[in-house]
Amino acid sequence: MIGLALGALAGAHGVLIGGGAAVLALPNPWLRLTRAKGTPADDGVPFEALTLADGCAAWLTQPARRTGVVVCHGRSRSKAWQRPVIKALAAEHTVLAFDFPGHGDNAYARTRMGQRESATVRHGVDALVAAGAERVLIYGCSMGGASALMSQGEAPHPAVVGVITDGAYAVFSEVVDRKAARLPGYARRAALALAGRVSGYDPWAVRPVDRVPHITVPVRLLHGDADPLVPPAHADRMAAAGGPHVTAQRY
């Protein structure tokens, strides 16, 4: 009886850890099935559909202008979720919005919470510059903001003149610890480790806060006081880690 009980307990923990790893490794399938629809054309914004260097689907608004904005969506979202932002910006700037790997119009696949996604941000900037933009601002929400910070902190693009994030996390593993605080610490660590193994990255290395000090252009870290996932203290920490050109603003 004791052996059966221990086996059942081990099995339950295995399911818990495996399920947690799946949630962390893959975009939310429900949000994918109920994803935002339409294109900028539905908002009266002319655009061109294109593919970035890493194969990710993107939209480029027309006409081409000397200033541009790269728009980076959050985890389990897509470029279509950013249509209101695209419409607002397209009146004065060329806008490039893309789907991160595994999201939107791309094939459903694993995510690395910014470690791989930062490269997609750079490809987006490259595509915008190739379209004629000379000055580029990057705007990223949640994972998109973290990816933007990591991108510019690791390999600054000379055309980028500023970064704005909204709800970006300073350390990804801390988000998991907070969201799953009711679970034992070993279960959280095991799920995170398994997710990293499945997706091929180190979850504990996703630390935008360590990249912020290497960004030399102005950075504005927006964060809502009622964010249920990432506390606004993450923005405060990243602002403290940067120079006077890095500021946090709560709303």
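This note goes through the predicted model in numbered points, from the whole chain down to single residues.

1. Ground rules. The model is predicted, so local features need pLDDT of at least 70, side-chain atom pairs count only at pLDDT 80 or more, and totals for chains, interfaces and linings use all residues. Residues are numbered from 1 along each chain as its sequence is written, and side-chain values use heavy atoms, with hydrogens and water left out.

2. Overall make-up. The chain has nine helices and eight strands. Helices (H or I, at least four residues) and strands (E, at least two) are DSSP runs, numbered from the N terminus. Along its principal axes, the C-alpha trace spans about 75 × 40 × 30 Å.

3. Radius of gyration. A compact globule of 251 residues would have a radius of gyration near 18 Å, and the 19 Å of the chain agrees with that. The radius is taken over C-alpha atoms, and the globule rule is 2.2 Å times the number of residues to the power 0.38.

4. Burial and surface. Buried residues make up 46% of the 251 residues. Here buried means under 20% relative accessible area, exposed over 50%, and partly exposed in between (1.4 Å probe, protein chains only). The chain exposes about 11500 Å², and carbon and sulfur atoms supply 61% of this area. Accessible areas come from the Shrake-Rupley method with a 1.4 Å probe; for residues, only the protein chains shown count as cover.

5. Contacts along the chain. Contact means heavy atoms within 4.5 Å. Among contacts between residues at least 6 apart in sequence, 76% join residues at least 24 apart.

6. Charges. There are 26 positive and 19 negative side chains, and the centres of the two sets lie 5 Å apart. Lys and Arg count as positive and Asp and Glu as negative, while His and the chain ends are not counted. Each charge is placed at NZ of Lys, CZ of Arg, CG of Asp or CD of Glu.

7. Helix H5. This helix covers residues 143-154, and its 12 residues reach 16 Å from first C-alpha to last, close to the 16 Å expected at 1.5 Å a residue. The expected span of a helix is 1.5 Å times one less than its number of residues. H5 is mostly covered, with 11 of its 12 residues buried; among them are Met-143, Ser-147, Leu-149 and Gln-152. Ser-142 has a positive phi of about 55° although it is not a glycine.

8. Helix H4. The 14 residues of H4 should span 20 Å at 1.5 Å a residue, and the end C-alpha atoms are 20 Å apart, in agreement. Its buried residues are Glu-117, Ser-118, Thr-120, Val-121, Gly-124, Val-125, Ala-127 and Leu-128. An α-helix has 3.6 residues a turn, so residues three or four places apart point the same way. The cover over the buried residues of H4 includes S2, S3, S4, S5, H5 and strand S6 (160-166). Gly-132, with a positive phi near 115°, follows H4.

9. Cys-72. This residue lies in strand S3 and counts as buried, at 0% relative accessibility. Beyond residues up to four places away in sequence, Cys-72 touches residues including Phe-98, Val-121, Ile-138 and Gly-144. The C-alpha atoms of Cys-72 and Ser-147 are 8.2 Å from each other, although the two residues are 75 residues apart along the chain.

10. His-103 and Arg-32. His-103 is in the loop between strand S4 (94-98) and helix H4 (117-130), and is buried at a relative accessible area of 2%. Apart from neighbours within four places in sequence, the contacts of His-103 include Arg-32, His-73, Ser-76 and Met-143. Arg-32 belongs to helix H2 (residues 29-33) and is partly exposed, with a relative accessible area of 24%.

11. Backbone points to check. Most residues other than glycine have a negative phi, and most peptide bonds are trans. Ser-76 has a positive phi, near 65°; it lies in the loop between S3 and helix H3 (83-90) and is buried, with a relative accessible area of 7%. The peptide bond from Gln-62 to Pro-63 is cis, with omega near 0°. Pro-63 is in the loop between strand S2 (57-61) and strand S3 (67-72).
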